Amino acid sequence: MIALVEQGADPAGFMWRAHQGVWAKGENIADPEQLAAYLVAEGHDADAVLKAAGEPEAAETLARNTSEAGDADAVGAPVYVLNGEPFWGQDRLDHLAHALETGRAPFRA
């Protein structure tokens with residue numbers, strides 16, 4: 001996903017296929033051939049994306065994103081962070097929607 005974003009592509013379709021592959025189909029998303037199939041199905045140049053994903057810049061972005069996620073208490077998936085307040089899981093989307101609609105201040109621990 002980092003490589004797609006860095007190439008200016010929308011990663012949403014690829015992300016959906018990968019999540020479905022893991023959670024609904026039991027596919028091995030650690031397999032580069034499986035990832036390539038998802039990329040091709042979404043209209044991406046699989047070779048270019050996978051090559052970019054293996055570059056040091058992608059690893060640096062992943063490390064930075066991971067650090068920022070930890071700092072924001074975004075320690076699971078899915079998690080949404082609004083104004084520093086994490087909302088963990090799909091069952092909290094109504095809480096996130098309420099916070100967005102009302103503009104309420106974030107809860108702080």
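Buried, for today, means under 20% relative accessible area, exposed means over 50%, and partly exposed is anything in between, with a 1.4 Å probe and protein chains only. Hello everyone, and with that in hand, let's look at the model.

This is a predicted model, so local features need pLDDT of at least 70 and side-chain atom pairs count only at pLDDT 80 or more, while totals for chains, interfaces and linings use all residues. Residues are numbered from 1 along each chain as its sequence is written, and side-chain values use heavy atoms, with hydrogens and water left out.

Let's start with the core. By a nonpolar core I mean a set of buried Ala, Val, Leu, Ile, Met, Phe, Trp, Tyr and Cys residues joined through side-chain atoms within 4.5 Å. The largest one here has 10 residues: A3, L4, F14, A18, L35, A36, Y38, L39, A46 and V49. Two or more of these residues come from each of α1 (2-6), α2 (12-23), α3 (32-41) and α4 (46-53). Helices here are DSSP runs of H or I with at least four residues, strands are runs of E with at least two, and both are numbered from the N terminus. Which helix gives the most to this core? That is α3, with four residues.

So let's stay with α3. L35, A36, Y38 and L39 are buried in this helix. They sit on the same side of α3, because they cover an arc of only 160 degrees around the axis, the arc being that of the directions from the helix axis to the C-beta atoms. E33 and V40, on the other side of α3, are exposed. The cover over the buried residues of α3 includes α1, α2 and α4. A18 also joins in here: leaving aside residues up to four places away in sequence, A18 touches I29 and Y38, where contact means heavy atoms within 4.5 Å.

Now the aromatics. Rings of Phe, Tyr and Trp (its six-membered ring) pair if their centres lie within 6.5 Å; planes under 30 degrees apart are stacked, over 60 edge-to-face, and the rest tilted. How many aromatic pairs does a search of the whole structure find? The search finds one. F14 and Y38 have ring centres 6.3 Å apart and planes at 65 degrees, so this pair is edge-to-face. Because F14 lies in helix α2 and Y38 in helix α3, the pair ties together parts that are 24 residues apart in sequence. F14 is buried at 7% relative accessible area, and Y38 is buried too, at 6%.

On to charges. A salt bridge is a side-chain nitrogen of Lys or Arg within 4 Å of a carboxyl oxygen of Asp or Glu, and the count comes to three. One joins E42 to R17, with the closest N and O atoms 2.4 Å apart. Here E42 is in the loop between α3 and α4 and R17 in helix α2, 25 residues apart. E42 is partly exposed at 30%, and R17 is partly exposed at 33%.

Another salt bridge joins D91 and R92 at 3.3 Å between the closest N and O atoms. D91 is exposed at 53%, whereas R92 is partly exposed at 37%.

R104 and E85 also meet in a salt bridge, 2.8 Å from N to O. R104 is in the segment after α6 (93-102) and E85 in strand β2, 19 residues apart. Is E85 buried or exposed? At 8%, E85 is buried.

β1 (residues 79-82) and β2 (residues 85-88) pair in the antiparallel sense over four bridges, pairing being at least two DSSP bridges between two strands. Y80 stands opposite F87 in β2. The two strands form a hairpin with two residues between them, and N83 in the turn has a positive phi of about 50 degrees.
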